[in-house]
Amino acid sequence: HHHHHHHGHLVVITIIEPSLEDMLMNKKAQLVCDVNELVPGFLSVKWENDNGKTLTSRKGVTDKIAILDITYEDWSNGTVFYCAVDHMENLGDLVKKAYKRETGGVPQRPSVFLLAPAEQTSDNTVTLTCYVKDFYPKDVLVAWLVDDEPVERTSSSALYQFNTTSQIQSGRTYSVYSQLTFSNDLWKNEEVVYSCVVYHESMIKSTNIIMRTIDRTSNQPNLVNLSLNVPQRCMAQ
């Protein structure tokens, strides 16, 4: 008969990864460990480093949650952290879970193009496309600014909508498209400046961001017009 029935109720440890936005924009973020099944004899949960040394972490709402503030440097280097459950019986490795961000290879800086809207379409909206090409690793953050104000990812009633594709892989690098859609009436106002801002690890040593702007008062010097809607244009002619 199985007397030591540990395996029946192991601890389930969930690690919630740091937010990309916090990492790339604020250079630090929280690593959260949540133990959502407690075995008898459970004491508490904590974060440790590679040598088993306890790291200062903050308690979550309950004893079952431990929060560790990790720096950009730790994140980009792929430093390993362990979420460890303290237990009265020694369950050894059964109650430790590692967090390590996959790294490997030299970061590659994206090329960023801001594409003008296609020729006037029948509906009343305009779409700007930000093409972020050939970057590595795959974590990237694209934001839009209208007159230097960030566009919120908000409800469908907002004036500006934006969405970004998931990463498209080609060989070792990744690309994404992000599109900002808004009404034709807003586009007619030539005073407004539209910018696409890209946050990526490859730029961390410099400014951390690449920004492309459509400034319509000055003959659009920054605007790259790579037309992606060739078929539509052909049809229209």
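Pro 137 lies in the loop between strand 9 (125–135) and strand 10, where helices (H or I, at least four residues) and strands (E, at least two) are DSSP runs numbered from the N terminus. The peptide bond that leads from Tyr 136 to Pro 137 is cis, with omega near -5 degrees. Most residues other than glycine have a negative phi, and most peptide bonds are trans.

This is a predicted model, in which local features need pLDDT of at least 70, side-chain atom pairs count only at pLDDT 80 or more, and totals for chains, interfaces and linings use all residues. Residues are numbered from 1 along each chain as its sequence is written, and side-chain values use heavy atoms, with hydrogens and water left out.

Asp 134 lies in strand 9 and has a positive phi of about 60 degrees although it is not a glycine. Lys 27, in the loop between helix 1 and strand 2 (28–35), also has a positive phi, near 65 degrees. The table gives the relative accessible area of these two residues and of two others; buried means under 20%, exposed over 50% and partly exposed in between, with a 1.4 Å probe and protein chains only.

| Residue | Relative accessible area | Class |
|---|---|---|
| Lys 27 | 30% | partly exposed |
| Asp 134 | 22% | partly exposed |
| Gln 179 | 34% | partly exposed |
| Lys 46 | 19% | buried |

Lys 46 belongs to strand 3 (residues 42–48). Leaving aside neighbours within four places in sequence, Lys 46 is in contact (heavy atoms within 4.5 Å) with Thr 54, Ala 66, Tyr 82, Cys 83, Ala 84 and Asp 86.

Gln 179 is found in strand 14. Not counting residues up to four places away in sequence, Gln 179 touches Thr 127, Leu 128, Thr 129, Trp 144, Gln 161, Phe 162 and Asn 163. From Gln 179 to Thr 165 the C-alpha to C-alpha distance is 8.7 Å, and the two are 14 residues apart in sequence.

**Aromatic pairs**

A pair of aromatic rings is described by the distance of the centres and the angle of the planes. Rings of Phe, Tyr and Trp (its six-membered ring) pair if their centres lie within 6.5 Å; planes under 30 degrees apart count as stacked, over 60 as edge-to-face and the rest as tilted. By this rule the count is eight aromatic pairs. One of them is the stacked pair of Phe 182 and Tyr 194, at 4.7 Å centre to centre with 15 degrees between the planes. Phe 182 lies in strand 14 (residues 173–183) and Tyr 194 in strand 15, so this pair ties together parts that are 12 residues apart in sequence. Phe 182 and Tyr 194 are both buried. The ring centres of Trp 187 and Tyr 194 are 5.8 Å apart and the planes are at 40 degrees, so that pair is tilted. Trp 187 and Tyr 194 are both buried. Tyr 160, Phe 182, Trp 187 and Tyr 194 form one aromatic cluster.

**The second largest pocket**

A pocket is found on a 1 Å grid over the protein atoms alone, as an open set of points where a 1.4 Å probe fits, with protein on both sides within 12 Å along at least five of seven lines; lining residues have an atom within 4 Å of a point. The second largest pocket has a volume of about 180 Å³, a volume being the space filled by probe spheres set on the points, with grid points joined across faces, edges and corners. Its lining consists of 14 residues, of which Glu 21, Met 25, Ala 143, Pro 150 and Val 151 lie nearest the centre of the pocket. Helix 1 (20–26), strand 10 (140–146) and strand 15 (193–200) each supply at least two lining residues. Strand 10 gives the most, with five. By class, the lining has 12 nonpolar, no polar and two charged residues. Here Ala, Val, Leu, Ile, Met, Phe, Trp, Tyr, Cys and Pro count as nonpolar, Asp, Glu, Lys and Arg as charged, and the others, Gly among them, as polar.

**Chain totals and confidence**

The protein chain has four helices and 16 strands. Of its 237 residues, 39% count as buried. Among contacts between residues at least 6 apart in sequence, 62% join residues at least 24 apart.

The chain averages a pLDDT of 80, and 76% of the residues score at least 70; pLDDT is the predictor's confidence in each residue, from 0 to 100. Over residues 219–237 the pLDDT is below 50, and this stretch has 20 contacts in the model beyond near neighbours in sequence.
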